[in-house]
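Thanks for coming. I will go through one structure today, starting with its covalent link and ending with its charged pairs. Please have a look at it first.

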Amino acid sequence: MTDRRIRALAVLAATVALLAGCAGAPAEPVPTPTTADLSTYDPADHGNGVALLPPPGARDSVIRAMRAAGAVELAGSYRDAASGRQLQVTRIGDEQTWTAEVTVDGAATSIVVDEGDAWVRPSPAVAGQLALPAGQWSCVSPEDPAVQRWMPLVQPVDLVTELTSDASGLTAPADGSVDLLLGEDGAAGVLTVATSGPALPSRLVRADEVGAVDVTFTNWGAEPDVTPPGPC
């Protein structure tokens, strides 16, 4: 696993550990994906062509398509391998304007980012760590630790970029999508990508020694109504 992927998951692991306290039960392993039967694949039916590219090229196409599509809804979870604790996240918006809610042990932290401004309404545990009032909106910079601590899980392009750099293969297209295999023969997980229209992902599943991520991407390009909670 590369240093970038280790950092991406390690940041989330540290956050969960700080908020969760003592360790819980070990995390359940994510099932290892299996490669589809390539004998069923008709090369003439290649759709947007992503299934015909080598893995690095397919990954690059996905990242370009994500940037071009803009806004997306993300929902999913991160599980820390050491403690078994889990973090849930929902996030709507594009790279510059978005809103998110991150929940650990039933306590939610809400975030709104509107280009150069950001607002955070922290859970009691997060508020205590950041010296912010719990349950109240505070105006901060988008670069503030109150926002950055959740990266890259709340930034879809960064999340996919960080966690797919070991793409190693592609399954045969089926049901309008193809799986980009992560790690050797997909041992680390898969990124499911559309084979028609833009090569946009619908799900990322990854598990390794640091933790496990399982997120879905929906409503690509549908601009959400992100309303700042107050003046900044």
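How many disulfides does the structure hold? One, where a disulfide is a pair of cysteine sulfur atoms within 2.5 Å. Before the details, some ground rules. This is a predicted model, so local features need pLDDT of at least 70 and side-chain atom pairs count only at pLDDT 80 or more, while totals for chains, interfaces and linings use all residues. Residues are numbered from 1 along each chain as its sequence is written, and side-chain values use heavy atoms, with hydrogens and water left out.

Back to the disulfide. Its partners are Cys139 and Cys232, with the sulfur atoms 1.3 Å apart. The link of Cys139 and Cys232 is right-handed, with 40° about the S-S bond. Cys139 sits in strand 6, residues 138–140, and Cys232 in the segment after strand 11, which spans 211–218, so the pair ties together parts 93 residues apart in sequence. Helices (H or I, at least four residues) and strands (E, at least two) are DSSP runs here, numbered from the N terminus.

On accessibility, buried means under 20% relative accessible area, exposed over 50%, and partly exposed in between, with a 1.4 Å probe and protein chains only. Cys139 is partly exposed, at 37%, and Cys232 is exposed, at 52%.

The segment after strand 11 also holds Trp220. What does Trp220 touch, beyond its neighbours within four places in sequence? Its contacts are Met66, Ala69, Gly70, Ala71, Val72, Leu200 and Pro201, contact meaning heavy atoms within 4.5 Å. Take Pro201 from that list: 19 residues separate Trp220 and Pro201 in sequence, and their C-alpha atoms are 9.4 Å apart. The side chain of Trp220 also reaches the backbone oxygen of Pro201, at 3.0 Å.

Next, the nonpolar packing. A nonpolar core is a set of buried Ala, Val, Leu, Ile, Met, Phe, Trp, Tyr and Cys residues joined through side-chain atoms within 4.5 Å. The largest one has 48 residues, and those with the most contacts inside it are Trp98, Val147, Leu153, Val154, Leu204 and Val215. Helix 2, residues 55–69, gives the most to this core, with five residues. The structure holds six salt bridges, each a side-chain nitrogen of Lys or Arg within 4 Å of a carboxyl oxygen of Asp or Glu. The side chains of Asp166 and Arg206 form one of them, at 3.0 Å from N to O. That pair links distant parts of the chain: Asp166 is in the loop between helix 5 (156–163) and strand 7 (167–170), Arg206 is in strand 10 (201–207), and they are 40 residues apart. Asp166 is buried, at 18%, as is Arg206, at 3%.

Arg206 also meets Asp208 in a salt bridge, at 3.2 Å from N to O, and both Asp208 and Arg206 are buried.

Another salt bridge joins the side chains of Arg203 and Asp214, at 2.6 Å from N to O. Arg203 is in strand 10 and Asp214 in strand 11, 11 residues apart. Are these two buried or partly exposed? Arg203 is partly exposed, at 38%, and Asp214 is partly exposed, at 27%.

Conventions
A polar contact is a pair of N or O atoms within 3.5 Å; within protein, one must be able to donate a hydrogen and the other to accept it, and residues adjacent in sequence count only if both atoms are side-chain atoms.
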